[in-house]
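This briefing is meant for someone meeting the structure below for the first time. Please look through the sequence and the model before reading on.

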Amino acid sequence: MATYDQVFSTLGLESWCKSAAEASSGPVSMADLLAQNAGTDMPLPSIWELPFPSMDALHESCEAFPQSRVLTKSIENGFLGIKDELSFFLDPLTQPLSWFLEGALWLFETTPWWLMIPVLLGLVLLVSQSGKLVVFVAACLLGLAFIDYYSFAVQTLAVIFVCASLCVVIGVPIGIAMSRSDRLQRAVIPILDMLQTLPPFVYLIPLIFLFSVTEPKLYGIAIILYAIVPVVRLTDLGIRLVDKDVIEAANAFGMTERQKLIKVQIPLALPNIMAGVNQTIMMSLSMVVIASLVSAPGLGVLVLRGIRNLELGVGLVAGLGIVILAVILDRTTKLALARINTSQD
Amino acid sequence: MLSGMDSGAKIAIRNLYKVFGVDPQRALKALKEEGLGKPELLERYNHVLGLQDINVDVKYGEITVIMGLSGSGKSTLIRHVNRLIDPTAGEIIFEGRDILGCSNEELRKIRREQMSMVFQNFALLPHKTVAENAALALEVRGFSRDEYIPEAEKWLDRVGLQGYAASHPHQLSGGMQQRVGIARALTSNADIMLMDEAFSALDPLIRTDMQDLLLELQQELQKTILFITHDLDEALKLADHLVILKDGRIIQQDEPQTILLEPSDPYIVDFVSDINRARVLRVRSVMDEIKPTGDINIAGEIDQEENLESIITLAQGDTRKTYLVMDGTRKVGILRMETLIKSLIPTEASDDGMRSH
């Protein structure tokens, strides 16, 4: 006897419950097995212990009623059912991502340190135009190299380089499209909200089913999905915030939509777009650590080792290395942003 | 550029209506059939009446000034001319064709080559240099940098910005930024300049400078200018033809002096009562058109286009003098200083009833 027996008997569904019970045997939980072994009918609970009429509670009264585990199971089965078709499309579509990641990792790893570090410093100088920052970055990189974390740091940089670039290449056009259509904006914003709030581990799960864990694109996709949100949002916002008077002037002088976009809207939205790029880089850095669970190389692997093997020192130093990379990337892009801002206002 | 032009209107605005709201056509129908005013339309249909039955001729080579307070619809009106705003009903005839019938492509061509615009807040592109800003219209048309930069620099020199070509707009003061705005309009080489409160954001002294610059340029270039302002002094100074707008409706349009001497509405009387009439009124409006007879003691000859202020200065304030008024070399009448002083009495003094409200 269970709590909701009465409900099914008043509705006249007893025969349906019984008939289905014989035909199927759903998944059985440990609690059920223990109850079966005990073999005694439990007394009816008092009103204070009345269980919520959930799927499991109703199942206890009527065998035909599905358990909640059937729901999760069917989602899993559904996903597995379309998995092959999905892979058929997604595999070739995302294959270039694997190539980019492999190529970038190969390039960053095979370039000797005495070439790589000056090139990186040159890049920092080019983007930030600040000698002070170059000195700081040099100290950080040489320090990481000295404690033998250079190759891990460079792998992390390679992954971020590819993923953040792709975020910009994909995200900016999406943002521009959103700024031009309110309907598209309304459709995309919930997706962005979901991507941003979904715990990063959660969208690793379907990806593991779709792609082989040995493929770089698995973590590439995870990082891009997580990090693309700010650049899309801020591109959309930046273009929508462009001074209406200037747009009116562009119209009054007969600019086409294309000219307006290239000559007015994008240049004026650039400070916002760059702020988005900065956020995107920061978020890919945080995701690259989590993605080490699915074989992403770099400092994240050391953090994971620290957790798995309880190697406190390795984990902490790797974490610090990530902080250093974050500071370098943040300062460099912020200085670039500041330069754009001063040239505009 | 002069081909096909006659002395008539360059732009003719006919029966123009603009209603803002969800269903402007329905509101417009109600407006015309029931004769509703602006407040009733807002209350009963929740639509805002922007412009109501506007008819204006913008004549070739003249400065037409549209004056009204904020909310009178003047900025809305000027945006109809190059169709930044589409009207609810009416026609805008430009060189014999209705602009409202133009395709997007034709409209762009008109905006690029025949109409330029100057904005109240300058609306310069902050990321481009002053010369690139001035050259905007030419760049949009597809000229190369080598072609448009010299042209832009020529006009920047003309508006008094020598040596600023490579600066950015934010390095310039407001007055200088608006000079860039004017240079941008002139570089496009369009015959028509639409000026939307072009000088309203500037300090009074700089504003006067800019007005003088505009008049000087106009003497030389003979553009067709539609100028919007809320400042009556500015309107009277610049206008060849003055249109006074209130609540989306034209309440008087005429030559500025006529409006000053014969205001047709208490609203305008209020407006003109604070004006320095001596500076606006010209000799021809107040002189007596009679042949001088021998017994009048003529103190000197004056031109009919001179304003009264300069005559008072000339007469050193002596009210007994009489001048001979000339149109070039032709004698057209006489001006007694006594008449001149009388004409300076504001209209409200002779028309108490009009200021009863």
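The model is a predicted one. Its largest nonpolar core has 90 residues, and a second, separate core has 67 residues. The structure holds 0 disulfides over all chains, and the count of cavities of 30 Å³ or more comes to 1.

**Nonpolar cores**

- Within the largest nonpolar core, which has 90 residues, those with the most contacts inside it are A:Val159, A:Tyr219, A:Ile223, A:Val264 and A:Met287.
- The element that gives the most to this core is helix α8 of chain A, which covers residues 150-180 and supplies 15 residues.
- When residues up to four places away in sequence are not counted, A:Val159 touches A:Leu101, A:Leu105, A:Tyr219, A:Ile223, A:Val288 and A:Pro297.
- The second core, which is separate and has 67 residues, includes B:Ile63, B:Met195, B:Val272 and B:Leu335.

**Cysteines**

- With 0 disulfides over all chains, A:Cys163 is in no disulfide, and the nearest cysteine sulfur, which belongs to A:Cys167, is 6.8 Å away.
- A:Cys163 has a relative accessible area of 0% and is therefore buried.
- B:Cys102 is also a buried residue, and its relative accessible area is 7%.

**The cavity and its lining**

- The largest cavity has a volume of about 40 Å³, and the count of cavities of 30 Å³ or more comes to 1.
- Its lining is made up of B:Ile182, B:Leu186, B:Met193, B:Leu214, B:Leu217, B:Gln218, B:Leu221, B:Lys223 and B:Ile225.
- By residue type, the lining of the largest cavity divides into 7 nonpolar, 1 polar and 1 charged.
- Two helices of chain B, α8 (174-187) and α9 (204-221), each supply at least two residues of this lining, and α9(B) gives the most to it, with 4 residues.

**A largely enclosed helix in chain B**

- Helix α3 of chain B, which spans residues 74-81, is largely enclosed by the rest of the structure, because 7 of its 8 residues are buried.
- The buried residues in α3(B) are B:Lys74, B:Thr76, B:Leu77, B:Ile78, B:Arg79, B:His80 and B:Val81.
- After α3(B) comes B:Arg83, whose phi is positive, near 60°.

- Not counting residues up to four places away in sequence, A:Arg339 touches A:Leu126, A:Val127, A:Ser128 and A:Gln129.
- Along the chain, A:Arg339 and A:Val159 are 180 residues apart, and their C-alpha atoms are separated by 26 Å.
- A:Pro53 lies in a loop of chain A, between α3 (30-38) and α4 (55-61), and its relative accessibility of 40% makes it count as partly exposed.
- The residues that A:Pro53 touches are A:Tyr4 and A:Leu58, not counting residues up to four places away in sequence.
- A:Pro53 and A:Asp236 are 183 residues apart in sequence, and from C-alpha to C-alpha they are 45 Å apart in space.

Terms used:
Residues are numbered from 1 along each chain as its sequence is written. Chains are lettered from A and ligands numbered from 1 in the order in which they are written. This is a predicted model: local features need pLDDT of at least 70, side-chain atom pairs count only at pLDDT 80 or more; totals for chains, interfaces and linings use all residues. Side-chain values use heavy atoms; hydrogens and water are left out. A nonpolar core is a set of buried Ala, Val, Leu, Ile, Met, Phe, Trp, Tyr and Cys residues joined through side-chain atoms within 4.5 Å. Buried means under 20% relative accessible area, exposed over 50%, partly exposed in between (1.4 Å probe, protein chains only). Contact means heavy atoms within 4.5 Å. A disulfide is a pair of cysteine sulfur atoms within 2.5 Å. On a 1 Å grid over the protein atoms alone, a cavity is a set of points where a 1.4 Å probe fits but cannot get out, and a pocket is an open set with protein on both sides within 12 Å along at least five of seven lines; lining residues have an atom within 4 Å of a point. Grid points are joined across faces, edges and corners, and a volume is the space filled by probe spheres set on the points. Ala, Val, Leu, Ile, Met, Phe, Trp, Tyr, Cys and Pro count as nonpolar, Asp, Glu, Lys and Arg as charged, and the others, Gly among them, as polar.
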